[in-house]
Amino acid sequence: MRKIYVFDTTLRDGEQSPGVNLNTREKVEIAHQLEKLGVDRIEAGFPAASPGDLAAVNAVARAVKNATIIGLSRSRQQDIDAVREALQGAQDPCLHLFLATSPIHRQYKLRMDKQQVLENAEAAIRYAKKYFSKIEFSAEDAGRTELDFLCEVTAMAIRAGATVINIPDTVGYLSPYEYGNIFKTLKEQVPGIENVQLSAHCHDDLGMATVNALAAIMNGADQIEGTINGIGERAGNTAIEEVAMALETRQDFFGAKTSLVLSEIARTSRLVSKLTGMVVPGNKAIVGANAFAHESGIHQDGMLKEKTTYEIMSPETIGLKESKLVLGKHSGRHAFREKLIDLGFDLEDELLNQTFAKFKVLADKKKDVTDEDLLALLEEKLVDTPEVFKLEAIYVSYSNESIPSAKVRILTAAGDIIEEEAEGNGSVDAIYNAIDRASTEEVTLSDYSIKSVSHGKDALGEVHVVLSQNDVAVQGRGLSTDILEASARAYVDALNQLIEKRKTFSKRDRVSL
Ligand SMILES: CC(=O)SCCNC(=O)CCNC(=O)[C@H](O)C(C)(C)COP(=O)(O)OP(=O)(O)OC[C@H]1O[C@@H](n2cnc3c(N)ncnc32)[C@H](O)[C@@H]1OP(=O)(O)O
Ligand SMILES: CC(C)C(=O)C(=O)O
């Protein structure tokens with residue numbers, strides 16, 4: 001099986017993500033994890049960028065024993081010298097030199113013509129060759145470079161002593177066909193190309209970074225460059241975990257493999273997310289929280305019968321424990337039954353159907369139906385609790401210059417209407433004091449939490465409260481687009497449940513104790 005080398009640039013191009021700044025300790029921690037993941041090469045930074053980055057690259061160079069350590073450099077002596085200094089102590093150092101070759105970069109950024117680009121790059125490689133046996137040369141913006149000129153630049157770089165030639169699609173512009181064709185052409189036309197490794201470095205501006213890296217592999221690339229979680233400049237780089245898992249899962253098609261320890265992927269992803277502060281989107285391939293989660297009934301049913309119906313890879317391969325069946329409004333009876341069995345309840349069909357119907361009503365209102373919700377459904381705490389008290393209206397008076405007060409109108413099961421007023425430390429406290437007066441129940445509020453059920457200004461607010469009385473505690477839930485109303489509803493719901501629980505407990509005592 002053909003081996004594809006993995007060049008990880010999380011610590012260099014990944015760190016170029018706006019808002020990301022890794023200090024030395026963080027770079028070393030990530031580098032150690034990359035070593036465990038088994039990447040072949042680690043680009044640790046751009047030493048000429050700052051004294052801090054030079055020191056960080058040096059710390060990585062000294063800490064890592066099982067990967068080549070690379071420092072990036074412009075085609076300038078002072079940058080090359082900074083990399084020399086930074087890579088002191090590295091077991092296997094490599095210099096990464098770059099110079100842009102595309103017409104746009106030549107004309108506007110470098111203000112060089114083709115000849116100057118060739119001469120400048122050659123002088124840099126020859127200078128560097130005195131100090132480094134391994135040199136990667138990148139033709140920045142190769143993707144938008146005339147193909148014949150790119151062949152010329154590549155031939156020059158090989159003659160001058162580069163050992164790896166990198167073809168960056170710096171701005172994520174190319175289609176897979178065009179990018180693959182560059183590798184094919186270089187392989188066919190550049191003298192000495194068989195003596196160097198060819199590398200692919202893609203960006204995700206059009207969402208094609210992974211597929212372009214794969215196209216490069218299919219056309220002869222020996223190495224792919226990328227980052228963990230695909231972080232990097234603008235829309236980011238090729239996500240290494242995506243390429244590695246594509247090669248692993250579709251060995252039949254690609255006939256190539258990395259030597260990554262795949263079971264370290266999830267851990268590496270979490271660490272990089274934590275230290276860079278870049279949250280991995282839930283739907284991100286391979287490492288997103290939903291990548292191995294199934295919500296819809298038909299999929300869950302398939303998963304329960306045979307995992308390969310809806311999973312092309314197993315979560316264990318990347319170091320996760322198992323797939324998740326998430327209960328929501330799209331879930332079906334099979335998954336619901338399985339979940340209840342997990343919770344210790346094996347229900348008769350009829351009872352299962354009744355509970356399932358209630359679950360669907362709840363799932364329509366809630367983003368996540370938790371184990372607690374399910375337990376509540378089973379015990380008929382959350383729905384169908386007889387309403388001893390029903391909240392009819394609340395009035396709140398609030399100003400930051402006076403004590404908040406609230407008035408509530410409550411309808412009792414006996415048909416009485418009770419109105420009470422009270423003051424409090426805040427609006428919610430005032431409402432709760434007024435409800436206490438109306439219900440005359442003596443309860444303790446031991447928890448209060450609020451979250452939004454959906455997004456936007458009109459999001460539903462969901463309030464959860466825990467009320468206790470003697471040794472009994474219950475959870476009440478209130479939903480409304482107004483958080484004060486949701487708070488009042490949660491409290492009244494909890495009161496009703498408390499009263500119901502008192503009854504259930506005394507019944508249970510009679511029946512089973
Ligand atoms: C595609 C990529 O990801 S390339 C890597 C990008 N990463 C970074 O830029 C991060 C680190 N960079 C830095 O800290 C700074 O840009 C430094 C220290 C390298 C240079 O800073 P400054 O000297 O202030 O220059 P500045 O960044 O403003 O401009 C870049 C200069 O380098 C030149 N340049 C750009 N690429 C190269 C190159 N490969 N070789 C030689 N010169 C280059 C530009 O033409 C410009 O030159 P000019 O000053 O003569 O116009
Ligand atoms: C320095 C090079 C490889 C680069 O990051 C790019 O062109 O995107």
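Reply: Ile450 has a relative accessibility of 40%, so it counts as partly exposed. On this scale buried means under 20% relative accessible area, exposed means over 50%, and partly exposed is whatever falls in between, using a 1.4 Å probe and protein chains only. Bear in mind that this is a predicted model, where local features need pLDDT of at least 70 and side-chain atom pairs count only at pLDDT 80 or more, while totals for chains, interfaces and linings use all residues. Residues are numbered from 1 along each chain as its sequence is written, chains are lettered from A and ligands numbered from 1 in the order in which they are written, and side-chain values use heavy atoms, with hydrogens and water left out.

Ile450 sits in strand β16; strands here are DSSP runs of E with at least two residues, helices are runs of H or I with at least four, and both are numbered from the N terminus. Together with Leu445, Tyr448 and Ile483, Ile450 makes a nonpolar surface patch with about 330 Å² of accessible area. Those areas come from the Shrake-Rupley method with a 1.4 Å probe, and for residues only the protein chains shown count as cover. To join a patch, a residue needs over 30% relative accessible area and no salt bridge; nonpolar side chains (Val, Leu, Ile, Met, Phe, Trp, Tyr) are joined within 5 Å and like charges within 9 Å. Strand β16 (residues 444-452) gives the largest share of the nonpolar patch, 3 residues.

One member, Glu322, is in the loop between α12 (297-305) and β12 (324-325). Glu322 counts as exposed because its relative accessibility is 53%.

Now for charges that do pair up. The model has 30 salt bridges, taking a salt bridge as a side-chain nitrogen of Lys or Arg within 4 Å of a carboxyl oxygen of Asp or Glu. One of them joins Arg12 and Asp13 at 3.7 Å, N to O, and both of these residues are buried. Arg144 and Asp141 make another, at 3.0 Å, N to O. Arg144 is partly exposed because its relative accessible area is 26%, whereas Asp141 is buried at 0% relative accessibility. Then there's Asp349 with Arg337, whose closest N and O atoms are 2.6 Å apart. That pair links distant parts of the chain, 12 residues apart: Asp349 belongs to helix α14 (residues 349-365) and Arg337 to helix α13 (residues 333-342). With 27% relative accessibility, Arg337 is partly exposed. Shared partners also tie salt bridges together, joining Arg12, Asp13 and Glu43 into one network.

Glu35 lies in helix α1 (residues 24-37), and its side chain reaches the backbone nitrogen of Asn66 at 2.8 Å. That is a polar contact, a pair of N or O atoms within 3.5 Å; within protein, one must be able to donate a hydrogen and the other to accept it, and residues adjacent in sequence count only if both atoms are side-chain atoms. Asp169 is also buried without a salt bridge, its nearest side chain of opposite charge being Arg144, 6.6 Å away. Asp169 is found in strand β7 (residues 164-169), and its side chain reaches the backbone nitrogen of Leu174 at 3.1 Å.

Just after α8, Gly220 has a positive phi of about 110°.

Tyr131, in the loop between α5 (114-129) and β6 (135-140), is partly exposed at 38% relative accessible area. Ser75, in the loop between β4 (68-74) and α3 (77-86), is buried at 11% relative accessibility.

Note on methods:
Lys and Arg count as positive and Asp and Glu as negative; His and the chain ends are not counted.
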